[in-house]
Amino acid sequence: MTKPQFVIIGGGIHGCAAAWMLADAGEDVLLLEADGIASGASGGFGRRGVRGNRRDLRELPLMRSAYRLWPTLSERLGADTGYERTGGLNLIEQETTGTKGGLVAARAHAEVQNRNGVPTEVLARDRVLELEPDLGEAIRGALYCPFDGTADHGATTAAFAAAARARGAVIREHSPVTGVEVSGGRAAAVTTADGRRHEIGRALLVLNNAGAPDLLRDHFGVTLPVWRILPQALRVQPPAKPPMRHLIGHDHRSLSLKPLPDGGVMVSGGWRGRWNAELGRGEAVDANVQGNLRTAAEVYADLADARVELADAARPESCSADEIPVIDRVPGTANALVGTGWTGHGFAIAPAVAEALAFWVRTGARPESLSPFTAARF
Ligand SMILES: Cc1cc2nc3c(=O)[nH]c(=O)nc-3n(C[C@H](O)[C@H](O)[C@H](O)COP(=O)(O)OP(=O)(O)OC[C@H]3O[C@@H](n4cnc5c(N)ncnc54)[C@H](O)[C@@H]3O)c2cc1C
């Protein structure tokens, strides 16, 4: 049996996008997924934000590439990603918020974003109301990014996986990686729970998100300042139509809102679930569900009467100490790369990360856009 040149661990958006980028370039790829495609943070109901607005500045070069890639994907993958450039608003209520936000900071943020390829306008309240007529009294302005939008994360991940398969990639689901053989500073093979051993021709890509820190610790002796969280997402049904039309974020409240195509609204933005050790999965916490809803209703009064249809906190995400990912060679290893620590915003940049990773493993040259994400920065 020929050994695959590239072995990828993890069948979320990052693993599947990388598999497609490599297979599309004619490379042999094996992707191993512990469960099913999009069973982690890249799956579940609703949509994910594709947002440049108020993103960490170190991620803006990747976001610029992502803005270029997203509109092309449905056609290139041959399946609908649900990508829509709805425009995104970061709502502002206060004169200042800490040291980085509020009305006084809006112009500076807009200027930096514009300089870095994220078109941004500062809108006063009357202009915000033209875009979002149902907003509450407290909103005094917004940062508006017309290129921001949303996509269907499950559909996009499945589309990457199907297109990768069509290009010859082998994707094995229900195949958790349980061992990595490292010898002479190279990842030589991985083993899966069924006892199979898969040799690695050229490179290993560790893209299993919340599972990556343990895998790196156990098999490479590497510790990253990255941990697992359980983000909470609510699917609510407002009494009439969704009161918002754009991707909505907020300058100081923990709040993210997305109108869904079927008339529902996805409410999230930083609230968490908890781990249920008995069930072996994350679950929603009622106080956090109510807190998230109250916050949403303070911004859109219509959401006070929304019915909660689903509260999901079962999709683990990885967070890093400085809130941007680690995308780097696994320290001490020549041919293994890791991408983890997405800190709740890894979906939007995934096509750009995959493009950069594929370039890196094929040419041996790290793209400049990945230079902020070294493990050594800590
Ligand atoms: C509720 C919620 C809302 C979010 N909103 C946004 C948003 O609006 N915008 C945005 O950009 N991002 C958002 N994110 C973050 C984004 O979804 C994630 O950063 C992204 O999906 C991570 O993709 P991934 O492929 O790295 O990880 P995952 O999708 O978690 O995939 C990792 C895969 O690895 C598998 N795996 C684990 N261990 C092993 C092993 N040992 N062997 C084989 N496979 C293994 C898992 O089963 C999993 O399928 C949100 C996340 C959540 C949960």
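Select R48 and the ligand: an N or O atom in the side chain of R48 is 3.0 Å from an oxygen atom of the ligand. A polar contact here is a pair of N or O atoms within 3.5 Å; within protein, one must be able to donate a hydrogen and the other to accept it, and residues adjacent in sequence count only if both atoms are side-chain atoms. The model is predicted, so local features need pLDDT of at least 70 and side-chain atom pairs count only at pLDDT 80 or more, while totals for chains, interfaces and linings use all residues. Residues are numbered from 1 along each chain as its sequence is written, and side-chain values use heavy atoms, with hydrogens and water left out.

Next, show the backbone of F347 and A348. A backbone N or O atom of F347 is 3.0 Å from a ligand oxygen atom; for a polar backbone atom of A348 and a ligand oxygen, the distance is 2.8 Å. On its own the ligand has 1000 Å² of accessible area (Shrake-Rupley method, 1.4 Å probe), of which the protein covers 90%.

Finally, colour the chain by domain, with bounds from an automatic or database domain assignment: domain 1 is 6–47 + 154–225 + 321–377, and domain 2 is 88–146 + 231–314. Their C-alpha centres lie 30 Å apart.
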